[in-house]
Amino acid sequence: MDMKNVLNLKFILALAVITSIVGCKRSSSSGNVDSATGWKINDKQGGFQYNTNYKEQETPQGTSFIEGGTFTMGKVQDDPMHDWNNSPNQQHVQSFYMDETEVTNLNYLFYLDYLKGVYPPDDPNYSLIYKGALPDTLVWRNRLGYNEMMTENYLRHPGYANYPVVGVSWIQAVEYANWRTNRVAESSLQETGYLKRDAQYTDLDAESTFDVDTYINAPSQTYGGKEEVLQGGRRKQQTDVDGNPINVYAKRESGVIPVKYRLPTEAEWEYAALGMSELRSYNVYRGRKKYPWDGQYTRSGKRVNRGDQMANFKQGKGDYGGIAGWSDDGADITAEVKSYQPNDYGLYDMAGNVAEWVADVYRPIVDDEFNDFNYYRGNVYTKNALNEDGTVKIVTVEEIVYDTLSNGKIIARNLPGEIAKIPVDDEETYLRTQFDDSDNRNFRDGDKRSSRYYRENFNEESDEDPDLTRKMYNSPRHSVEIDSADGNLLREYDKSNSRTSLINDEVRVYKGGSWRDRAYWIDPAQRRYFPQDMATDYIGFRCAVSRVGSKSQKNSKRRN
């Protein structure tokens, strides 16, 4: 090879190396460049900001990751109760997170302590807020039983700190989840430097609390607009294109605002309870898994703990735990959380201990013909209320909305510092195919076409009961009002003989058996309902968080 060819070869190799280096640099910085235009995404002089280094959603505190998939919801075994309300149907749920345990007494007491500090019960403006959040401890009483010890001690005594909270209605459980959302988001924004550290301990009044929706939609109004808290983070102030100082607020694009806590849907709860992460057999897939553990029996078959009960439930008449010291499930009422082995998802007490509220409004039939993806009945769509100048309307002390429930209890439906909500209207529903109304709780069930009492002239009212022309489920309606003159409650019990059902849009599903239930009810496929504004000594709850991004955790290790 002559010298000329050698030089040409060296030049080509050098050019290839340079091209490779430039290509690598371009590739490494491409995350901050819009792939469609080539413009920079994160410009330090303001403008569009986006977290291009986001990895994946962190597992929320106290939860387990549930990888979504398809499963047979409902029961394929015999139905000796003849309820016919859990017929098998194929469903698919997205990935989500769920609390490892039920919310405990200690968890709920921390919530009550917060409410007492921010909304003092001795202040007439706020007394009903704290009172409306209190669990009903009288649920333990029985006409022919002595349970005063639980009435007085179960909620607050340290001996029951890690036991599941009971006496909480569905409405109260939802309010707890909303409060938890705000506290977790507030903590995240402090850790990432957008808020002053320990802002929750700042001298704040009731109208100066943190609300995540307010922070997203009107960040300058968070904490009642107190600048010393909003500007107290480690983040430096930035300047606009003219050099004027501007505050730095986290947006959804930052990735630091956590996804909201909520009650799980019925489909999510049943899917998580079955614990099918490792069991992929045909029988499991087709819905033949009877309990959260593997096997058809309630006692363990493993050599190390053979014969031990796998859950806390009523074993027979007058038998809530077994013979003392032998064949005992370790509890007569509820048991401390994590007393039994978790299922394959790492979830404890998905059978027994306490039944649990889920988000869904109850109907006997799961309408899988209309939807088989993330099934949920109970959507009531709302939007932010706006002031005349177009800004979002923030709730003040004078604008707190109180609801008088059917049992006479009064609760606050919104709190100062939150954004006021109103139902969606034609601006959101016009020409849409997915939804055409704000309230979808009785969609395809109780409407004009499906009503048993449908008449040719639908607007014509029945002489006996005008509601018979409008409702498929003709349930009692007890009236509770407040006398404007003296403030006393006026209760009117519905004594109509024409009522045919207890089902309406205010009854919610609860899942799983409890310490009061026989083994039949601890099958995750079983479903029952209870009024959303009432509570019992055997229903608790746990929270869920939706998964954003990929279906599976990128670096997750499956459980053995």
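## A walk through the strands, helices and cores

In strand 15, Arg-508 is the bridge partner of Val-361. That pair is a handy place to start looking around this structure, which is a predicted model.

Val-361 belongs to a stretch that pairs with strand 15: strand 8 (residues 355–361) and strand 15 run antiparallel and are joined by 3 bridges. On another pairing, strand 15 meets strand 16 (residues 527–531), again antiparallel, through 5 bridges. One of the residues involved is Lys-511, whose bridge partner in strand 16 is Arg-527. Strand 8 also pairs with strand 17, but here the two run parallel and share 2 bridges. In that pairing Glu-356 has Gly-540 of strand 17 as its bridge partner.

Put together, these 4 strands make an open sheet in the order 16-15-8-17, with mixed pairing. Strand 16 and strand 17 (539–540) are the edge strands, each pairing on one side only. As background, strands of a sheet pair through backbone hydrogen bonds, in either a parallel or an antiparallel way.

| Strand pair | Direction | Bridges |
|---|---|---|
| strand 8 and strand 15 | antiparallel | 3 bridges |
| strand 15 and strand 16 | antiparallel | 5 bridges |
| strand 8 and strand 17 | parallel | 2 bridges |
| strand 7 and strand 18 | antiparallel | 2 bridges |

How many residues of strand 15 (residues 507–511) are buried? The count is 5 of the 5, so the strand is largely enclosed by the rest of the structure. Both of its faces are covered: Val-507, Val-509 and Lys-511 are buried on one side, and Arg-508 and Tyr-510 are buried on the other.

### Helix 5 and its neighbours

Helix 5 (residues 170–191) has 22 residues, which at 1.5 Å a residue should span 32 Å; its end C-alpha atoms are 32 Å apart, so the two values agree. Of its 22 residues, 16 are buried, so helix 5 is largely enclosed by the rest of the structure. After the helix comes Gly-193, which has a positive phi near 85°.

Helix 5 packs against helix 2 at an angle of about 75°, and their axes are 11 Å apart. Angles of 65 to 115 degrees count as roughly perpendicular, and helix 2 and helix 5 therefore stand roughly perpendicular to each other. On the helix 2 side the contact is made by Asn-107, Tyr-108, Phe-110, Tyr-111 and Tyr-114, while helix 5 supplies Gln-172, Glu-175, Tyr-176, Trp-179 and Arg-183.

Thr-181 is also located in helix 5. Is Thr-181 buried or exposed? Its relative accessible area is 7%, and buried means under 20%, so Thr-181 counts as buried. Leaving aside residues up to four places away in sequence, Thr-181 touches Val-212, Lys-260 and Tyr-261.

### The nonpolar cores

The largest nonpolar core has 52 residues, and those with the most contacts inside it are Tyr-108, Tyr-119, Trp-140, Tyr-154, Tyr-176, Trp-357 and Phe-541. Helix 2 (105–118), helix 3 (127–133), helix 5, strand 8 and strand 11 (410–412) are the elements that give two or more residues to this core. Another core, of 25 residues, lies apart from it; Met-276, Tyr-362, Val-366 and Ala-544 are among its members.

### A second sheet

Strand 7 and strand 18 (residues 544–546) are antiparallel and pair over 2 bridges. They belong to an open sheet of 4 strands in the order 1-4-18-7, with antiparallel pairing. Its edge strands are strand 1 (63–66) and strand 7 (261–262), each pairing on one side only. Helix 8 (residues 266–274) packs on this sheet and touches strand 1, strand 4 (96–99) and strand 7; the direction of helix 8 makes about 75° with that of strand 4.

### A last stop at Glu-428

Glu-428 is part of helix 10 (residues 426–429). With 22% relative accessibility, Glu-428 counts as partly exposed. Glu-428 touches Lys-383 and Phe-435, not counting residues up to four places away in sequence. From Glu-428 to Tyr-381 the separation is 47 residues in sequence and 9.8 Å in space, C-alpha to C-alpha.

Definitions and conventions. Residues are numbered from 1 along each chain as its sequence is written. This is a predicted model: local features need pLDDT of at least 70, side-chain atom pairs count only at pLDDT 80 or more; totals for chains, interfaces and linings use all residues. Side-chain values use heavy atoms; hydrogens and water are left out. Buried means under 20% relative accessible area, exposed over 50%, partly exposed in between (1.4 Å probe, protein chains only). Two strands pair if DSSP finds at least two bridges between them. The expected span of a helix is 1.5 Å times one less than its number of residues. A nonpolar core is a set of buried Ala, Val, Leu, Ile, Met, Phe, Trp, Tyr and Cys residues joined through side-chain atoms within 4.5 Å. Axes are lines fitted to C-alpha atoms, for helices over the stretch in contact, and angles run from 0 to 180 degrees between N-to-C directions. Angles under 35 degrees count as roughly parallel, over 145 as roughly antiparallel, 65 to 115 as roughly perpendicular and the rest as oblique. Contact means heavy atoms within 4.5 Å.
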